[in-house]
Amino acid sequence: MCNPAPDLISKIHTNAARDSIILSSLPFLDEALSSISNLSATPLPNNLAQDFENATRIDTHTHPIPAWFRALEPNAAGRATPEWSVAAHLEFMATQGIKRSVLSVSTPQANAFLDVTGKGGRKEKTIALARILNEFVGEVCRLWPERFSWLAILPLPYVDEAVVEARYALEELGAVGVAVLTNHEAVYPGDEAIDGLWKYLQSRAEKSTEGRGVVFIHPTEPVISLDDGRFVNSRPSPLRSGLGEFYFETARAISSLIASSPTTTIPTFLKFPSLHFRVSHGAGAFPDISERFLLGFPAVAGRAREALRTRFWYDSAGPVFPNQIKGLVEGMGVGIGQMVFGTDYPYGIGFWDVNANIAGLADAGFLTDEEKDMVFYGNAERLWQGKIGGV
C-alpha cells in the first residue's frame with residue numbers, strides 16, 4: 001500500500017478551484033474529505049497476500065459506497081443501499097478468487113439532486129458530487145493499485161463540465177474509462193446533446209496507444225423531465241426497479257446508441273467508432289427486442305449487429321449465466337469473447353446468491369474451460385488491453 005499523498009486535501013481543493021467546481025455546495029463536504037484522507041489508515045485483514053495467491057478473476061462490475069454517499073442515497077432501486085468498505089471488499093475478492101475489481105459508483109452517481117429546484121443549484125451540486133466521488137475512488141485505487149482499477153463518473157447531462165471531469169479523472173487520477181447511467185436527467189447516451197463528451201473520448205482514443213475508450217453503462221431509474229424543470233419517476237410498475245425496470249432501461253440506452261435521432265442520420269455508435277461500451281447485466285432486455293428494434297433502422301442494421309458483436313461487452317452480474325446469456329449468444333450471435341465477469345458487489349449481496357451466480361458461469365456446460373477463463377479474466381484484459389492486467 002502506498003503512503004498517503006502529501007497535502008491531499010489541499011490538492012483536491014486546488015484542482016477543484018482550477019476547474020471552477022464549488023465543492024462547498026455539498027453540505028457533507030467535510031465528512032467526504034475526511035473519508036478520503038482516512039483511507040490510508042484502513043485496517044486490512046491478515047494474510048491478504050496469501051489469500052490472493054491463486055486468484056485469477058477480474059470483476060468488472062463492482063461499486064464503492066462511501067458512508068456519506070450511502071447517507072445521501074439510503075435506497076437503491078427499491079432496496080436499502082448496502083454498506084461497503086475496502087476491507088470487506090478485499091475479503092470478498094479473496095473468497096471468490098478475484099484478483100482485481102473495477103470500481104464505479106452506482107446509481108444515481110452524481111445525479112442525486114433531481115429534487116433541487118432551479119437548474120443552477122442542481123448543476124452546481126451535481127458537478128461537485130462527481131468530483132468528490134472521483135477523488136474518493138481514485139484514492140482507493142492509488143492506495144491499492146494491485147487490487148483495484150476504476151471508472152470515473154461524470155456530471156452529465158452537463159457536457160462541458162463532464163468533459164472537464166473526464167479529462168481530470170483519466171489524465172490526472174488514473175481512471176481506465178468512464179461510467180455513465182442509462183439516463184442522466186432523462187437524457188440517454190445516444191442523445192445528440194451528449195455528443196460533446198463522446199467527441200472528446202473519441203479524440204483521446206485516437207491519440208492513445210490503445211486506440212479505444214471504455215464506457216460503462218449502468219442502469220438507473222427512468223425519469224421524465226417536465227416543462228417546469230421538475231423530474232418525475234416514470235417507472236410504470238409499482239415493483240422496485242431492480243426487479244426488471246433496470247433491464248428495460250438498459251435496453252433503452254443501447255437502443256439510443258444505435259438509433260438515429262430526428263436531426264441526424266448517423267447514430268452514436270457510428271459517429272464514434274473508437275468507443276467500446278461495457279453494458280451491465282448481460283444487456284438486460286435488449287436481446288429480446290433487438291431484431292424488432294433493428295427493423296426500424298434498415299440503413300444501419302447490419303453495422304449495428306456487427307458493433308453489438310465487437311464493440312459492446314456484456315457482464316455476468318445477476319442471474320445471467322447459464323440461461324439469460326443465451327439471448328446474446330444464440331439470439332444475437334454475440335461471441336463468448338465479448339462477455340466479462342461481474343458480481344455487482346456489494347449491491348448483489350442479499351438480492352441473489354452470489355455463490356450460485358458465479359457457479360452459473362463456472363459450471364456452464366455449454367462453455368469450454370478456455371471460454372470460462374476468457375469470461376473470468378481474459379476478455380477483460382483484452383478489453384482494457386493490459387491496463388488492468390495481473391498483479
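Biologist: Is Tyr345 buried or exposed?

Modeller: Buried means under 20% relative accessible area, exposed over 50%, and partly exposed in between, using a 1.4 Å probe and protein chains only. Tyr345 comes out at 8%, so it counts as buried. Keep in mind that this is a predicted model, where local features need pLDDT of at least 70, side-chain atom pairs count only at pLDDT 80 or more, and totals for chains, interfaces and linings use all residues. Residues are numbered from 1 along each chain as its sequence is written, and side-chain values use heavy atoms, leaving out hydrogens and water.

Biologist: How many aromatic pairs does the structure hold?

Modeller: Rings of Phe, Tyr and Trp (its six-membered ring) pair if their centres lie within 6.5 Å; planes under 30 degrees apart are stacked, over 60 edge-to-face, the rest tilted. There are nine pairs here. One of them, Phe92 with Tyr345, is stacked, at 4.3 Å centre to centre and 15° between the planes.

Biologist: Where do Phe92 and Tyr345 lie?

Modeller: Helices (H or I, at least four residues) and strands (E, at least two) are DSSP runs, numbered from the N terminus. Phe92 is in helix α5 and Tyr345 in the loop between β13 and α15, so the pair ties together parts 253 residues apart in sequence. Phe92 is buried too, at 11%.

Biologist: Which ring does the charged end of Arg57 sit over?

Modeller: The test is NZ of Lys or CZ of Arg within 6 Å of the ring centre and within 35 degrees of the ring normal. Arg57 sits over Phe376, 4.1 Å from the ring centre. Likewise, Arg131 lies over the face of Tyr168, at 3.8 Å.
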